[in-house]
Amino acid sequence: MEEFSAANRLNWDDRAQLHATDPTGSYRIAKVLAGGSSLYLLEAGEIGDISGKDIVHLQCHIGLDTISLKHLGAGSATGLDFSPAAIAAARGFAASAGADVRFVEASVYDAVEALGQVYDMVFVSWGAVNWLDDIFRWGRVVASLLRPGGRLYLADGHPMMFQCDRKGARLELQLGWRTPPRRPLVWDEPRTYTGDDRTLKHVRYYEWIHPLSDVVNALIQAGLAIDFLNEHDVVSWQHFPFAVESGDMFGLPDHCPKIPMAYSIGATKRK
Ligand SMILES: C[S@@+](CC[C@H](N)C(=O)[O-])C[C@H]1O[C@@H](n2cnc3c(N)ncnc32)[C@H](O)[C@@H]1O
């Protein structure tokens, strides 16, 4: 497992450096540094009242959503990511934005020890759980980070979307619905997903598709009650080359049968 995690960390270090100097506008850096928010309308509409809440953002990447949560009224915002380059960039952005936000470098699996406190909300979004081999362990981490009555908000790519790839002008089912922990999907891609022309040094990365039922059951078994599970026909990145802009996200063009592209979960830690 350590081999997969180490390769992913190197790949994310490369991506963090490109994303922190993003020329494509994908990361809304200027908006966040000016005091605004990089959250999409979908999660901004679903996240509920965060005013005064202590929030931890797992897999925070370069910290723009973490800083945004503080701008949106969180009492405190803490970001955690295992990439040193991502955390360095996040701290730089927080300083530039004048935002009092904490960033911690650690694996999600070590988050409880690394953070040393509990929160009102765990926030996780867009390209997160596909990097984790053990979704049930993740569920236990989420539960341990929450106070009784505290909430999880998760928005991420849908497993159905991850199972499909483009075949000509259509989608084809290409991958299994549950990736075995020790046999991850293996990818070698020279560029990141933002459309940036610059190349990565570490091209190999590993991912896992988790059935929706595993994500939900991981949370229930860890002691959370599900408040909602929503499926969406849009996702925040251009997952397929022929995906079209739809609001502030991307959906499938009219000639394609629609599939769920994303899902979101609200859950509360049982008292
Ligand atoms: C697609 S980004 C998430 C984007 C994020 N929603 C944002 O606000 O920009 C995925 C992040 O997960 C992090 N990551 C992957 N595996 C991890 C792990 N085991 N522990 C902590 N962070 C991890 C990567 O370093 C990367 O920053």
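Modeller: H61 sits in the loop between β1 and α4. This is a predicted model, so read every value as computed. H61 counts as buried because its relative accessibility is 11%, under the 20% cut-off. Its backbone deserves a look too. Most residues other than glycine have a negative phi. The phi of H61 is positive, near 55 degrees.

Now the ligand. H61 is among the residues that come nearest to the ligand, along with D81, V108, S125 and G127. These five belong to a set of 19 residues around the ligand. A polar side-chain atom of H61 lies 2.8 Å from a ligand oxygen atom. Q59 also takes part: an N or O atom in its side chain is 3.2 Å from an oxygen atom of the ligand. F82 contributes through its backbone, where a polar atom is 3.2 Å from a nitrogen atom of the ligand. How much of the ligand does the protein bury? Taken alone, the ligand exposes 600 Å², and the protein buries 95% of that. By class, the shell has 10 nonpolar, 7 polar and 2 charged residues.

Next, the helix at one end of the loop. Helix α4 covers residues 64–71. It is largely enclosed by the rest of the structure, because 6 of its 8 residues are buried. Those buried residues are L64, D65, T66, I67, S68 and L69. G73 follows α4 and has a positive phi, near 115 degrees.

Leaving out residues up to four places away in sequence, V122 touches V56, L58, V142, L145, L146, R151, L152 and Y153.

Just after α9 comes G223, with a positive phi of about 110 degrees.

Back to the backbone theme. W126 lies in the loop between β4 and α7. Like H61, W126 has a positive phi, here near 45 degrees, and is a residue other than glycine. W126 is buried, with a relative accessible area of 13%.

S83 is buried, with a relative accessible area of 1%. Setting aside residues up to four places away in sequence, S83 touches R9, W12, D13 and A16.

L252 is in the loop between β13 (249–251) and β14. At 6% relative accessibility, L252 counts as buried. Apart from residues up to four places away in sequence, L252 touches L171, D233, F240, F242, V244, P257, K258, I259 and M261. P241 is 11 residues from L252 in sequence, and their C-alpha atoms are 9.8 Å apart.

L185 lies in strand β8, residues 185–188. Its relative accessible area is 18%, so it counts as buried under the 20% cut-off. Again without residues up to four places away in sequence, L185 touches L175, T179, Y205, Y206, E207 and I209. A267 is 82 residues from L185 along the chain, and 28 Å separates their C-alpha atoms.

Key: Residues are numbered from 1 along each chain as its sequence is written. This is a predicted model: local features need pLDDT of at least 70, side-chain atom pairs count only at pLDDT 80 or more; totals for chains, interfaces and linings use all residues. Side-chain values use heavy atoms; hydrogens and water are left out. Contact means heavy atoms within 4.5 Å. A residue is near a molecule or strand if one of its heavy atoms lies within 4 Å of it. A polar contact is a pair of N or O atoms within 3.5 Å; within protein, one must be able to donate a hydrogen and the other to accept it, and residues adjacent in sequence count only if both atoms are side-chain atoms. Accessible areas come from the Shrake-Rupley method with a 1.4 Å probe; for residues, only the protein chains shown count as cover. Ala, Val, Leu, Ile, Met, Phe, Trp, Tyr, Cys and Pro count as nonpolar, Asp, Glu, Lys and Arg as charged, and the others, Gly among them, as polar. Buried means under 20% relative accessible area, exposed over 50%, partly exposed in between (1.4 Å probe, protein chains only). Helices (H or I, at least four residues) and strands (E, at least two) are DSSP runs, numbered from the N terminus.
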